[in-house]
Amino acid sequence: MSGPLLQVRSLTKTYGARIGCADVGFDLWPGEVLGIVGESGSGKSTLLSCLAGHQAPDAGEVIFATAEGPRDMLGMTESERRRLSRTDWAYVHQNPRDGLRMGVTAGGNVGERLMAVGARNYGSIRETATDWLGRVEIAADRIDDRPRQFSGGMQQRLQIARNLVTGPRLVFMDEPTGGLDVSVQARLLDLLRGLVRQMGLSVIIVTHDLAVVRLLADRLMVMKSGRVVEQGLTDQVLDDPQHAYTQLLVSSILQV
Amino acid sequence: MTDHAYNFAYLDEETKRMIRRAILKAIAVPGYQVPFASREMPMPYGWGTGGVQVTAACLTPGDVLKVIDQGADDTTNAVSIRRFFQRTAGVATTEATTEATLIQTRHRIPETPLTADQILVYQVPIPEPLRFLEPRETETRKMHALEEYGLMHVKLYEDIARHGEIATSYAYPVKVGDRYVMDPSPIPKFDNPKLSDSPAIQLFGAGRESRIYALPPHTRVVSLDFEDHPFTPSKADHACDLCGAAESYLDEVITDDLGSRMFVCSDTDFCRTRREAGQVGRLGGTLEGEAA
């Protein structure tokens, strides 16, 4: 594919007089992982939800390279946008409870997107679900258990499987490792990194954990008060921060 | 005898107009749930307040009304609604499916095929088929509007995963005219095939939820299923013990505390008509003997 997968131009979202995010622009290329970091309230979640179509931005363009060519997301009808969000896109929530159906078995959770795009063969849905549970390291005999019976880390992995099952091209992740302890985080990151490379996913990952972006992201955007203050290659930004806020952010990490 | 303190069929004419508008809209958009301003009725929710309002809006003085509850004409719900309209509308009533012009039903479709001269009114407790999977009304409306029905199959998937087969045996979701997914009210799935291509008008009223939906005559209604787990209309594997019918939907009746049981047609009119014609089942004596 030629050209960027997602082009964002001067995206602005305000909440009354307050700025959610202002004048954000970037290109995301196929296979690229973009990290967005910043402190709480810096507008990174607002940005992500505007990109994913959960909120309508006040101004700007979000151009996605659909199978039929580049389209401005904001001009799409809701049904087109929702169809995209079931097929080409995935959204991994910070809290797996927001992204999973807690009363539905693991297999049903993974199968939902398949059924949403028209799969009507129980056997093949189940086979795909079993395969995906394996890929996110959940034992196949847990397929008929509900997410409530899973640990936090397993729930998060299940959420990832549920999102990736339809082979999306663009994945939005909102603090995917938040609320997990460090060893589970490490495993999850390892898994994510493998899946991203293996499937050639483009990912926009929002986090305040610099270790996560160091491991996963190719490129990094630093946000403060709704604006992008610095962007560049991850290692470049983290090792040689230019903006005062980025310097503060990098130096705030405890060295163990 | 009409009780003259009431307007014909209890509801005032403006209310009936409002309900008729909703019914017309529902017929124009088969399977779509039309909101309407449901009234308080002199009976508790769950007793058919939605069906009663639809019936009241459709009744004319010349109608012959039949009311069935789980197939039976003689159970509390059926008797009280029938009496309600006898008092407030003074219409003729009947227990015979073939004589009725308007049939209000709870949880069954009569065994006798309906005709183009009949209206079948269903009582609906929860009109939203997606409700137990998606509690948000805003979201379910959006899903209907955008025809996003994958979730309905998740329910069936869960059935097979847990029970090895689609265990939903009543209120089995259907797709109407290739568009809306609809809850056919808690009829047994045995009755689902009768929904499709029926010559009668089928109206669904949910009083508490304030929704009316409809199937115009000869609408295609398909029960949802999987390719490798097709829909099967099921019934108890017996013949009726009173009339010997093998093809009707049966109720299981426990007759003592030693495990004895009998199976009888749930459609009492169908069963009686057969017995009057001389059909006898395993335990069926004569009609006169039973009355004693």
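A salt bridge here is a side-chain nitrogen of Lys or Arg within 4 Å of a carboxyl oxygen of Asp or Glu. By that rule, chain A and chain B share five salt bridges. The model is predicted. Chain A holds an open sheet of four strands, and chain B has an open sheet of three. About 1,900 Å² is buried between the two chains.

**Interface of chain A and chain B**

- Contacts link 22 residues of chain A with 21 residues of chain B.
- Of the buried area, 54% lies on carbon and sulfur atoms.
- A:Arg82, A:Arg120 and A:Tyr122 supply 37% of the area that chain A buries against chain B, more than any other three residues.
- One salt bridge joins the side chains of A:Arg101 and B:Glu134, at 3.5 Å from N to O.
- Three helices of chain A, α2 (78–87), α4 (106–116) and α5 (122–135), each supply at least two residues of the side that touches chain B.
- The largest share of that side comes from α4(A), with five residues.

**Sheet of chain A**

- The strand order is β2-β1-β4-β5 (chain A), and the pairing is antiparallel.
- β2 (18–28) and β5 (69–72) of chain A are the edge strands, each pairing on one side only.
- From one strand to the next, the twist averages 20°.
- β1(A) and β2(A) run antiparallel and are joined by seven bridges.
- Within this pair, A:Leu11 stands opposite A:Val24 in β2(A).
- Two residues separate β1(A) from β2(A) in a hairpin. A:Gly16, in the turn, has a positive phi of about 65°.
- A:Thr66 has A:Gly69 in β5(A) as its bridge partner.

**Helix α1 of chain A**

- α1 (residues 44–51) of chain A lies across β1 (6–15), β2 and β4 of chain A. The helix runs at about 120° to β1(A).
- Seven of the eight residues of α1(A) are buried, leaving the helix mostly covered.
- The buried residues include A:Leu47, A:Leu48 and A:Leu51. A:Lys44, A:Thr46, A:Ser49 and A:Cys50 are buried too.
- Just after the helix, A:Gly53 takes a positive phi of about 85°.

**Sheet of chain B**

- The order is β7-β6-β10 (chain B), with antiparallel pairing.
- The edge strands of chain B are β7 (180–182) and β10 (221–223).
- The twist here averages 30° from one strand to the next.
- Three bridges pair β6 (residues 174–176) of chain B with β7(B). B:Lys175 stands opposite B:Val181 in β7(B).

**B:Arg108, a buried arginine**

- B:Arg108 sits in the loop between β4 (102–106) and β5 (119–123) of chain B.
- Its relative accessible area is 2%. Buried means under 20%, so B:Arg108 counts as buried.
- Its side chain makes polar contacts with the side chains of B:Glu111 at 2.8 Å and B:Ser266 at 2.4 Å.
- Beyond its neighbours within four places in sequence, B:Arg108 is in contact with residues including B:Ile68, B:Gln70, B:Ile187, B:Phe190, B:Asp191, B:Tyr249 and B:Asp267.

Definitions and conventions: Residues numbered from 1 in each chain as written. Chains lettered and ligands numbered in written order. Predicted model: local features only at pLDDT ≥ 70, side-chain atom pairs only at ≥ 80, totals over all residues. Heavy atoms only, no water. Pairing = 2+ DSSP bridges. Axes fitted to C-alpha atoms, helices over the stretch in contact; angles between N-to-C directions. Contact = heavy atoms within 4.5 Å. Buried < 20%, exposed > 50% of the residue type's maximum accessible area, 1.4 Å probe, protein only. Polar contact = N/O pair within 3.5 Å; in protein donor to acceptor, adjacent residues only side chain to side chain. Buried area = accessible area lost by both parts, 1.4 Å probe.
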